Amino acid sequence: MTRTWAGRIGFYTLIAVLLAFFTIPLLWLAAAPFTSDPTYEVRMPDFTFENFQTIIEHPYALGSLVNSLILAIGTALLVVVLSALAAYALSRVRIPGRDALLYALLLLSSIITGTAAMVPLFQLAIELGLIDSHTGLILILTGGLLPAAIFMIKDFMDATPKSYEESARVFGASPLQIVRHVVTPVVRPGLATIAVWTIANVWGNFLMPFLLLSDVEKQPAAVIMYTLYTEGGQANLRVLSTFGLLYSVPVVLMYLFVSKKYGFRFHGGIKR
Amino acid sequence: MAAIELRGLTKVYPGGVKALDSLDLTVPDGEFFALLGPSGCGKTTLLRTIAGLETATGGAVVIGGRDVTGVQPGGRDIAMVFQDYALFPHMDVSDNIAYPLRIKKVPKAARHAKAAEVGARLGLEQLMDRRPGQLSGGQQQRVALARVMATQAQAFLFDEPLSNLDARLRLEARTFLKKLQRELGVTTVFVTHDQAEALAMADRMAVMEAGHIRQIGTPAEVFQRPANTFVAAFIGSTPMNLLDAVVRGDTLEVAGCKLPVPASAEGLLTEGEKLVYGVRPEYMTYSAQPVDGSLTGGVVILENLGASHLVTLDVAGVLVQAVVPEGHEPALGEQGYAVPRGDRALVYRDGELVTA
Amino acid sequence: MAQVTSPPKPAEVVSPAPARRYSSDAAGLGRLRAGAFVAPALALIAVFLVFPALWVIYLGLTNYRLTGAAAAEPQFVGLDNFVKAVTDPEFWDSTWLTFQFVLGSAVIGQVVLGFTLAWMLKDRRGTLKSVVEGLVILAWILPSAVVSFLWVALLDRDAGTLNALLGIPGFAWLLDHPMLSIIIFNTWRGTAFSMMLYGAALGNVPPSHLESARLAGASGWQQLRDVVFPHIRGHILTNLLLISLWTFNDFSPFLLTAGGPDGKSEVLAVHVYKVALQNGDLGYGAAISTVILLINLVVAVFYLRLLRSKK
Amino acid sequence: MVLRKRSVVAVLAASALGLAGCGQSSGGGGGDAIELTISQNAIAGGKNAAAADHIANWVIPKFEEAQKAKGKDVTVKFVPSGVDDEQYKTKLSLDLKSGKGADVIDIDGIWAGEFAEAGYIKPLAELVGPEADSWDGWQQIPEAVQGLATFEGKKYALPVGTDGRVLYFNKTLFTKAGLPADWQPASWQEILDAAAKLKSSGVPVPIQINAGTAMGEATTMQGVLPLLAGAGGEVQKDGKWTGASQPLKDTLGLYQKIYGGGLGDPKLQQEAKGRDKSFQQFAEGKIGILLEGDYFWRGVVNPKDGVAKMDDRDQVVGYAKIPAIEPGKGIRGQDFVSMSGGALRTVNPNTKHPKEAFELLAFTLSADALKEETKDGNVRITPRSDVNKEILAGEPLLTYISEQVLPLTAYRPPVALYPQVSVALQEATAAVAGGTPADQAAADYQKKLEGLVGGAGNIAS
């Protein structure tokens, strides 16, 4: 009795502490946009909507959010589909040197996300005629994210009992049917995780869109966010906090959508 | 027309492990056939090779008169129930049952009607829109069976169909499965490591060891006349008494006792030969009074089997077991006399049954 | 040999079919089709990852600069950049800080906190779970440009929320404890990934195994060690590998401390940013990126040894 | 070199595929229609929004109109941008290297050397022809400002403007501390004395002079270099760099007195957002004296739209020239000193229409265009004296800088190495603010400098 009580108190205390840890930093984002003269102090806002008015009238702000959506969703689709197919094949068919190859690609992917890769990527984009195009940027971003995505998805594939596929196979399903009907739904939480991971990555990426898209009409919110500083590099907190909030909302909505629709959990329950 | 025939079937894994060594086996149409053996004996590999999930290294698999050795599993016209049932966790029962028909491009309405029909036959009406995760083990098993039935395949393959059920349910399922197979009349091969299961359900069975089939026969044959000491020891809920024996004239000397040569081995033995004398505890007649031709010793262990008792006698240092019917059980420590039934006792030479 | 005691009916006539070889993997993919599944991903990776990555490694061997004479006529300088890096105390300081950062925020912070959350919420449903998960994931998906503002506001010396809550106005977190600040920041930022991965992985542990361990009287820790850990070993490996890699290359501390004060929080990714973008020294920056790659390689091998050896 | 080969291929590929995009003029072929692009680090609704609006709403229509009047069909497109200077520079460098970029581009004056060395920009006379040198605007631009656009004796661009640095002070705090509202220190000691008085009157941060690496170039421009000039030193003179010389030691010594003596807040200097905070604190009346450029007046404490608005700016904020260490001890023997920078605008060597591009460039710097640009509170110091005379009339500070400060001012050396030297200087101030003795920090700087400039031979002893 006492032990379970102590356990419960411990559980809720820990949860409360963690909740506070994850909530407190977010307060500023909730308050500042509604404050007419925000500073770094979290204050009770005076509930002005002037800042939103400014953003709505901003010539590129809302368009940039649409661009962000195009880039994020495009990349996420490409990453999820390609990584799922590749991870499935790699998980189920023994290819010599498979693991070493995966690790090598994963390590190389770290170099490509670094600042030093900007010149090769820029020149590559120019050479392939991918500069100033959403498609080109999506392809480049996808290339960088794929190894890690394959890596993660492969774990989920490996953990899926083969009997599902064998069963479908005995019933005459083709490999693609097996992937569509059986494997994809079973690893769906994994795919959802990858999708959200990709979206979050693309959503926050500044350097690549900035370098590869010259046309301001095509630039995503991450780039536009950087334009909201002054001539001397000072943060204009009024518009920054407000745009920051608007900039955050779509990615949160996408998360909610993906998590609601595809769930982050396994269906579970089959005793093995 | 769906007999299953295996010819010289060999499976060697890439590492060089020989899982199946040139097996020949024929399962006639409509038979309920068991593959029995300890784990690692190759019985599951054999089943999977029949299904096509493993490719044979050599030999041929013939189903319904058609050589399917090089045919994909989906093209063999068979259906399989997996040990873990492999029910798709994201589909409800109805979709699971209808899945094979979906692959065959049966229209949605038709396949769900079929699923409902098969489901009803297996008592799943109330569960059709549940997910597998919400079902008990027994219910899951029935869904897996329903799915197999929906395919109307020529042959069914069951991989340890009962092993995921608890003991009580297993008995029920055994009866249910046997009844179902009888009704459907579809050639069915199932794998089990449980000899009782094989004996109870199969029309015929094969006992396997290390990639070889050690005996094929009806349950009665396998139980009564195990072809070798491996089968003898493996079959039976109480292990067979396998006792060292020496031929002394027309008797066998076993643990210091003189026993008559069993009928099956008459005239086949040589004087002074060392053999193994085998008799099942069920085929011993126990007596508290001295009897000729008995194995005699003190009662050291008494085990209650429900309607009978298993009595263990210490016969000159050799333990001998006999089944005693209810009401006749001896007391611990008293002297007992166990007489093997001459028509059921067997003699093994170098592990193989001595027989005409 | 098998002894047939009950001969079956004689065999039927068999139409011989050519023994065609086919694949024996679970889904019947076969190498060819598996290749077709992998090909699109590999093609993209080859063009947009491997090729530019090798290019970066090559750049590391030149004195290439963004501007100036070296931009017009870059020279091949061999290993000069690497020699410069390993003889530069700033580089080693930065490497050491990066180790602290990875160990503190990724290996200890994110993994432990992420697993704890996944474990605590494992068997729960409903609002509490959604709220906790949602908030943790929020910290992860918000763009870093926004998040950096949140943390500057949180840790600000004078008006910061944290100092207000703790009643210690003027405590300069970012100046006096820059590493601690970015470690806690990155833990906050990245825990969601570990939580989600472990959450999914724990869903994969058969409940029956846990139940039987519980029945056997195993304590929470014993359950973890004997039942859970063996099942999720692969996930742990992936998780450690990925988050270490990401944390190694994480640039977001720059948004919080700009590497300061006096380089006291200048982790390697920030160092590369300063070298390559602010100083325009792309050759040297590329060389450091290559060194980071090598360090990551060592770390990956270490994890592999650690987790695969027990198999 | 593989690198070079690649970029050549890149250029070929880009032009062959016609994928030059909006970055490059693409009309031309066959007809008379000419398309030009002009880019700045300015964007509507964001950084330098007024400049962006000016280009889009005034320059482009007026220029197109003027061209039409001359019988030419020219359309101009504005390519906005709005990022950190470093990021802008990176993008621009990559564009220029790849044969892309707008036809008319803006760069910071300090980049002229490295861009010229890299071949990213070319002398205007070479690119455009003699009309570049004979542009009538040159007569209106002071020699010193022209120097901004000159590299190795050749004019690479037109100057867009300039600025100057002064000491700002809070008159309210000064009055409280018993200091005059028309304060003008004549030596460093007078600054320190004033700071000490402010301190004893309870001002939290008596004086703030940018230090440390967190502020980046702001430390060098609004800190080290004006002080160095005041101590009679220059960062580079006649091709030799200044090492641990007496002027540098004096400069670092002043930092030591300010931050070691509790007159400044050393922590503020280390924070990533320290400059923003120093602005805010000045606006809140917590800082007594602050060394800043005219941008501080125009963009920070501007009561209309500054980032740290001061409604009573004109009454409260005072300004004074930066004195030499002692009268007559500054560079060129001056009593007062300052530092200036400024942007340049030039023609992209990759342009297909250099002449038209130059016309556009010159048009943006015509008297009319500058007057238009600086209307409605967007006043800044333009490069043209004729314009300045007119537009600065109502702006006391800008007039002050233009008339009193610019004649005294100095410019940074426009060489490729400068940015790295600047970082080394920032590190020296960080060390001093953190407690390292000035002489030690100067010696460390010299060592670092030797590594950067290729040996002690390039350093003035």
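This is a predicted model: local features need pLDDT of at least 70, side-chain atom pairs count only at pLDDT 80 or more; totals for chains, interfaces and linings use all residues.
# Chat about a four-chain model

User: Ok, zooming out. Which chains share the most contacts?

Analyst: That would be chains A and C, out of five pairs of chains in contact.

User: How many residues go into that one from each chain?

Analyst: Chain A puts in 89 residues and chain C puts in 79 residues. On chain A's side, helix α7 (residues 134-159) of chain A gives the most, with 14 residues. By class, that side of chain A has 60 nonpolar, 18 polar and 11 charged residues.

User: What about chain B and chain D, how far apart are their nearest C-alpha atoms?

Analyst: They are 47 Å apart, and chain B and chain D do not touch.

User: Switching to the core. Which residues touch the most other members of the largest nonpolar core?

Analyst: I153(A) and Y277(B) do, in a core of 460 residues.

User: What is I153(A) in contact with, leaving aside its neighbours within four places in sequence?

Analyst: Quite a list: S83(A), A84(A) and A87(A), and then V187(A), G190(A), L191(A) and I194(A). As background, nonpolar side chains tend to be buried together in soluble globular proteins.

User: How many bridges join β1 of chain B to β2(B)?

Analyst: Six bridges, with strand β1 (residues 4-12) of chain B and β2(B) running antiparallel. In general, strands of a sheet pair through backbone hydrogen bonds.

User: While we're on chain B, how is it divided into domains?

Analyst: Domain 1 of chain B covers 4-234 and domain 2 covers 241-353. Taken over C-alpha atoms, their centres are separated by 38 Å. The contact between them takes eight residues from domain 1 of chain B and nine residues from domain 2 of chain B.

User: Which helix gives the most to domain 1's side there?

Analyst: Helix α8 (residues 229-234) of chain B, with three residues. In terms of class, the side of domain 1 of chain B that touches domain 2 has four nonpolar, three polar and one charged residues.

User: What are the domains of chain D?

Analyst: For chain D the assignment gives domain 1 as 2-159 + 342-373 and domain 2 as 165-339 + 414-460. The C-alpha centres of these two domains of chain D lie 34 Å apart. Their contact takes seven residues from domain 1 of chain D and four residues from domain 2 of chain D. Helix α4 (residues 112-118) of chain D supplies four residues, the largest share of domain 1's side.

User: How many helices and strands are there in chain D?

Analyst: Chain D has 20 helices and 17 strands. Its radius of gyration is 23 Å, close to the 23 Å that the globule rule gives for 461 residues, so chain D is as compact as a globular protein of that length.

User: How much of chain D counts as buried?

Analyst: 60% of the 461 residues of chain D count as buried. Also, among contacts in chain D between residues at least 6 apart in sequence, 70% join residues at least 24 apart.

User: Last one: what about chain C, how many helices and strands does it have?

Analyst: Chain C has 14 helices and one strand. Of its 311 residues, 50% are buried. For contacts in chain C between residues at least 6 apart in sequence, 67% join residues at least 24 apart.

Terms used. Residues are numbered from 1 along each chain as its sequence is written. Chains are lettered from A and ligands numbered from 1 in the order in which they are written. Domain bounds come from an automatic or database domain assignment. Two residues are in contact if their C-beta atoms, placed from the backbone, lie within 7 Å. Helices (H or I, at least four residues) and strands (E, at least two) are DSSP runs, numbered from the N terminus. Ala, Val, Leu, Ile, Met, Phe, Trp, Tyr, Cys and Pro count as nonpolar, Asp, Glu, Lys and Arg as charged, and the others, Gly among them, as polar. The radius of gyration is taken over C-alpha atoms; the globule rule is 2.2 Å times the number of residues to the power 0.38. A residue is buried if 20 or more other C-beta atoms lie within 10 Å of its own, exposed if 12 or fewer, and partly exposed in between; C-beta atoms are placed from the backbone. A nonpolar core is a set of buried Ala, Val, Leu, Ile, Met, Phe, Trp, Tyr and Cys residues joined through C-beta atoms within 7 Å. Two strands pair if DSSP finds at least two bridges between them.
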